[in-house]
Every structure is written in structure tokens, then in C-alpha cells.
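Let's take a walk through a protein structure together. Have the sequence and the 3D view at hand, and look up each residue as we come to it.

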Amino acid sequence: MTDALLTLSGVHTHIGPYHILQGVDLIVPQGGVTVLLGRNGAGKTTTLRTIMGLWKASQGDVRFEDHVITRLDTPEISRRGIAFVPEDMGIFTDLTVAENMLLAAANGPIDEKRLAWIKELFPPIGTFWNSSAGTLSGGQKQMLAVARAIIEPRRLILIDEPTKGLAPAIINAMTDALRELKNTDTTILLVEQNFTMASSIGDTVAVMDDGRIIHAGAMQELVDDADLQEKLMGLSLEAHQ
Amino acid sequence: MSDTTIKPRIEKIPLSEQFFQKLPVLLVPILAVAGLLAIGNPASWLTLTVAGLAMGMMIFIMASGLTVVFGLMDVINFGHGAFVAVGAFVGFTVLAWLAGWTASPSVMLNLTAVLIAILAAMLVTGLLGYAFERVIVMPVYGEHLKQILVTMGGLIVAQQMIYVVWGPDELHISRPEAFKGSLVIGEAAIEKYRLVAVGIGLALFLGMRHILKSTKVGLLVRAGVENGEMVEALGYRIRLLFLIVFMTGSALAGLGGVMWGLYQETITAHMGSEIMVLVFIVVIIGGLGSVEGCFIGAMLVGLLANYTAFLAPKVALISTIALMVAILMWRPQGLYPVVKAK
Ligand SMILES: Nc1ncnc2c1ncn2[C@@H]1O[C@H](COP(=O)(O)OP(=O)(O)O)[C@@H](O)[C@H]1O
Ligand SMILES: [Mg+2]
């Protein structure tokens, strides 16, 4: 097994009076795609937000590249090389596509070569470069959200349900782009309810329920083991197929 | 990417909708024409219109900071008027020191004196804004009720401090020679100072628009208004942005205070809280957080206040409130509703 890039140990997160994460242990290995599965309300989004520092863990530790980042501010976590594509995409609709990208390149001017590569991955970014981001379709907004996350080289990208509500053709395009991203040295932690998509690009998988990780292992293992799938899927996945 | 084609989706906005979107901008000329019809006499109308625009510009200067602070930081600052008053008093003090220059017939010396007064006022209110944000506002981010109480408390403290430094009496501030008197155009007399106010206000509006549209800080402010969390997730320290915006807004209120003081030629410790009624009306009319809306709202309020003061002085006071009610019935979020995530 490769080295861990990100490790959550015994992470608890409270939102107001609610105890949402109840001791999450998760290892994201260096390289490849780790998929986080689980039914609605299991705590996947909360896990990503806790890693990003948008909600603070009340107990436990988040380690990234041998540093504890649990108590760092979100901007600091971002600057250490973690990008975040939230469930609602977090597009600045009042700004143009170009302006969204410009802000995403927080460390200086946009690297033109990288931008050209991104425009190849996601053609609408080029087509609508000067359009207001608010006029993009749902799929195009999702592409912009991922494009923003990769405009600068990142160690880790957290992506929350990028295929939610998208048409099959766009899901395929998105999957292809993520697969290509995998070949760079960026690690992806992907929250996904679409098991077909998830199993097609995932290397490692973790399944959540009720604020805990209930299964973790290689994706292939889960794909091959119908019984295990049955057990976990019955709990968490089938409803979303 | 695969060969999937993603249909470009360029929205053709129907003409009727385009008109509807532009309507807020058209309200200003519509009101001006309505004023002309109601007043009848073009000379009086011209005088009142320039007076209204000047008043609107000054209100805009005071309100612009408040609306951006609200949009970006979600902070309701009832203490904003303190910066207006402090700015006016600091400006007064500087102009009093430079009395030789303001009384001089040299336009250059007059202008320099006013410029120094403005810069001093903006510097003091900007620094005061720094202290206000760190001490009073920072502990109550996200809590509106506490913000209202605590910023009102800050206002009272600031007013008392003015009493301590400048005494309890109202002070008279006289305009420099160059700004005194009127230009006569045909039969209309237009106060020179009002033209100056219109010029400064317009320049400020265009400058703010430029900053918000074409600089990274401006983009961050607009992005932060919509989704502050995402701005942080991209690696920017939004708290620093808050501080810069708060200080800028305070300094602009100070600028507005100097200009309003020179306009009224009298300043009092509570002038800030008095003008704040109009400032809040303008911010609400424009759409909380919208600089453009704030500008148009200020023009409407300025014009309407001057027209009604001439036509029906008794209703002048309630006319601006009636305007706010009418606009909110038409657009409950104000002229230019600001997009907010969640
Ligand atoms: N802002 C919030 N306030 C209160 N409870 C929340 C909030 N966000 C999420 N929750 C609750 O936390 C649990 C986990 O939510 P979430 O992490 O969004 O799940 P998932 O992403 O797996 O669907 C759910 O029960 C949800 O109702
Ligand atoms: Mg979720």
C-alpha cells in the first residue's frame, strides 16, 4: 500500500447541537481516486467540509502530508494544496467564467499551458470564457467548479457529487476528465452516489453511514464481492441507482 | 474529453426582459421628467434637479460603504453615522487651521485646503473603522441582533467623544471662497458647491465601479458577497478582506461627512445619525449590497426630496419613505437584488 496523503483519525464534528461525525477514520492514499460512498445524510459532505476546515472537528485529528491541519483556517488549508469542489459547486454567478478562473489561481497569474489543457478537458470553459457564469447550464457550472480546482497544481482535490443531477452524456464527459486528472500527480477524494461511475474510476473506496466509516478497502474488492456489495449497497447505495 | 457534444447555451434575453432589467436606471430620468412636468418652470426645475443630484451624490458617498459592508460581511452597522460625524468634525478642524487658505481668493489654495481636510477626515475615519471592526464588529459576526445593539453602542460612544473633543455646541463651517455663490445659467441659479458635489460623487461612483469590475480585490469583494466560504476555500483570507472593506467604507463615510458639513455649513455630533435615515433608505431601495442600486437609489431620493420640498413641503419628509415602500412593493429585494449562495 502506498503512503497516506490524508488521514482522519477519530474525527468528530458537531454542527450546532447535532453530533454529525462520530469518529471518522479514513485514509486517503497518495495518488489515484478514493471514493467515499454512503446514503444521503451519512455525513460525506460534512467529512469534506471538516477536512477543508469549513467546519471544525470537535475531536480527533486530520493529518495532511505529515502535518496536523485540524485547527488551521480554511485559506491556510487551501494554500497547502487542497482544493474543494462543493456539492453546490460554489460558482460565483455574478462573475464571468474568466473571473472565476482568475480568482481560483490564488498564487498569481494563470498558467497559460495549464489553462489550455483545462480547456481541452472542458471545452465549455473556452467557449464561454467571457460569459457570466450565472448563465451556464448545470453541467457547465460543474465543469467550471472542477476547472477552478485544478487551475493550479494541487496535491489533493475534494469533489462532492460532481454528477448529481447531470445528464448521462455530461456524466461521461466529467468521468473522462477525472480519469485524465488521475494521471497527473493529483490525488482525488470523490464523494459519489453513482456506483457505476464511482467504480469505473475509483481505486480505493470507503463507505460511510451514520457519521462513521463502515467499510474501507480496494475498489476492485468491492466490485468483485457481490455479497459485500449487497450488504453495503442494501444499506447505502441501491436507492440512488 | 470524449466526443460528447455539449450544446452551447447562449441565452437570448427577450427585449421586454431587457427593458425590465434596465428599468431601474431609467427611473432617474423618468423622475426628472415627471418633476419637470409637475414644476413647470424650467429654471426652478434645473436648480432643484442639480440640488437633488448633489444631495443624492453625498448620500451615495455615505451609503456606498455601508451597502458593501452589508453585502460582503452581512453586518448591519448602525454605527456608520459615527464616521460621518467624525469626518465632518475633523474636516472642520483642518479647515479652521487653514482659514487663511480658505479665505484666500486663490482657487488653488481653496482646493488644496479642502483636499487636505478630506484626506485628514478619511484617514481618521479609516483608522477609526479599523478599531471599530476589530473591537466592536469582529466578536459579533453572524449575529444580527448583537450587531445592531453593539454598533448602536459604538455610535453613542463616538458621539460622546465628539462632545469631549469639540464641545456640545453645533459648529459653523464656511465654504472656501471658490465654492461660495452660484452660477447663473439663463434664469436658473446653481450653487457652485453642488456642482462640486456632483463631480466628486460621480468620480467616486465610476472609481468604485472600476475597482469592483476590474481589480482582483474588487472581484474578491463581489465573489465574497455571493459566497464567502468559497472565497476562503480558494485560499483567500476573507477576514482581511472584511477589514479592508470596512476601513474603506468608514473612510468614505468620513468623506461624505466633510462634504455634507460643507453643504449644510453647520455640523453637530448627531448629524451622522440624522442623515443615516436617508442612507438606510437608499441602501434598502438599491438592494442590500449593490453599489449600482445604491447609486440609483441615492439619485432618486435626492431628486424626490428636492422636488417635493418645492412642490409640497409638508409631504417632503414622507416622500422618500413612500418611495421606498413603492419600490419594495415592486421589487421586494430592492432595485438590484444581490445574489447570495444558500
Ligand atoms: N447545516 C446543518 N445543520 C444541521 N444539520 C446538518 C447540516 N448539514 C448537514 N446536517 C446533517 O448532518 C448529517 C450529514 O449530512 P451530510 O454530511 O450533508 O450528508 P451526505 O453528504 O452524506 O448526504 C445529515 O443528517 C444532515 O441532516
Ligand atoms: Mg452531501
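A word on the ground rules: residues are numbered from 1 along each chain as its sequence is written, while chains are lettered from A and ligands numbered from 1 in the order in which they are written. This is a predicted model, in which local features need pLDDT of at least 70, side-chain atom pairs count only at pLDDT 80 or more, and totals for chains, interfaces and linings use all residues; side-chain values use heavy atoms, with hydrogens and water left out.

Start where the two chains meet. Here 28 residues of chain B are in contact with 38 residues of chain A, contact meaning heavy atoms within 4.5 Å. The area buried between chain B and chain A is about 2,800 Å², and carbon and sulfur atoms give 61% of that. Buried area is the accessible area (1.4 Å probe) that two parts lose on being put together, summed over both.

Two salt bridges are counted between chain B and chain A. A salt bridge is a side-chain nitrogen of Lys or Arg within 4 Å of a carboxyl oxygen of Asp or Glu. In one, B:Glu229 pairs with A:Arg49, their closest N and O atoms being 2.6 Å apart. A:Asp94 also forms a salt bridge with B:Arg222, with 3.5 Å between the closest N and O atoms. A:Asp94 lies in the loop between β6 and α3 of chain A, and B:Arg222 in helix α8 (residues 216-233) of chain B, so this pair joins two chains. Helices (H or I, at least four residues) and strands (E, at least two) are DSSP runs, numbered from the N terminus.

Seven of its eight residues are buried, which leaves α1(A) mostly covered. Among the buried residues is A:Arg49, whose charged end sits over the ring of A:Trp55, 4.0 Å from its centre. A charge sits over a ring if NZ of Lys or CZ of Arg is within 6 Å of the ring centre and within 35 degrees of the ring normal. The charged end of A:Lys119 sits over the ring of A:Trp129 in this way, 4.6 Å from its centre. Just after α1(A), A:Gly53 takes a positive phi of about 80 degrees.

A:Thr45 is partly exposed, with a relative accessible area of 23%, and A:Glu87 is partly exposed at 27%.

Next, look for rings. Over all chains, the structure has 12 aromatic pairs. Rings of Phe, Tyr and Trp (its six-membered ring) pair if their centres lie within 6.5 Å; planes under 30 degrees apart count as stacked, over 60 as edge-to-face and the rest as tilted. B:Phe60 and B:Phe205 have ring centres 5.6 Å apart and planes at 80 degrees, so this pair is edge-to-face. The pair links distant parts of the chain, with B:Phe60 in helix α2 (residues 42-73) and B:Phe205 in helix α7 (residues 192-214) of chain B, 145 residues apart. Both B:Phe60 and B:Phe205 are buried.

B:Phe83 and B:Phe246 are edge-to-face too, because their planes stand at 80 degrees, with the ring centres 6.3 Å apart. B:Phe83 lies in helix α3 (residues 80-97) and B:Phe246 in helix α9 (residues 238-264) of chain B, so the pair ties together parts 163 residues apart in sequence. B:Phe83 counts as buried at 0% relative accessibility, and B:Phe246 at 2%. Ring pairs also link B:Phe179, B:Tyr193, B:Trp260 and B:Tyr263 into a cluster.

To finish, return to charged pairs. The whole structure has 17 salt bridges over all chains. In chain A, the side chains of A:Asp176 and A:Arg179 meet in one (3.3 Å, N to O). These two residues are three apart in helix α7 of chain A, so about one helical turn separates them. In chain B, a network of salt bridges links B:Arg175, B:Glu191, B:Arg194 and B:Glu265.

Note on methods:
Buried means under 20% relative accessible area, exposed over 50%, partly exposed in between (1.4 Å probe, protein chains only).
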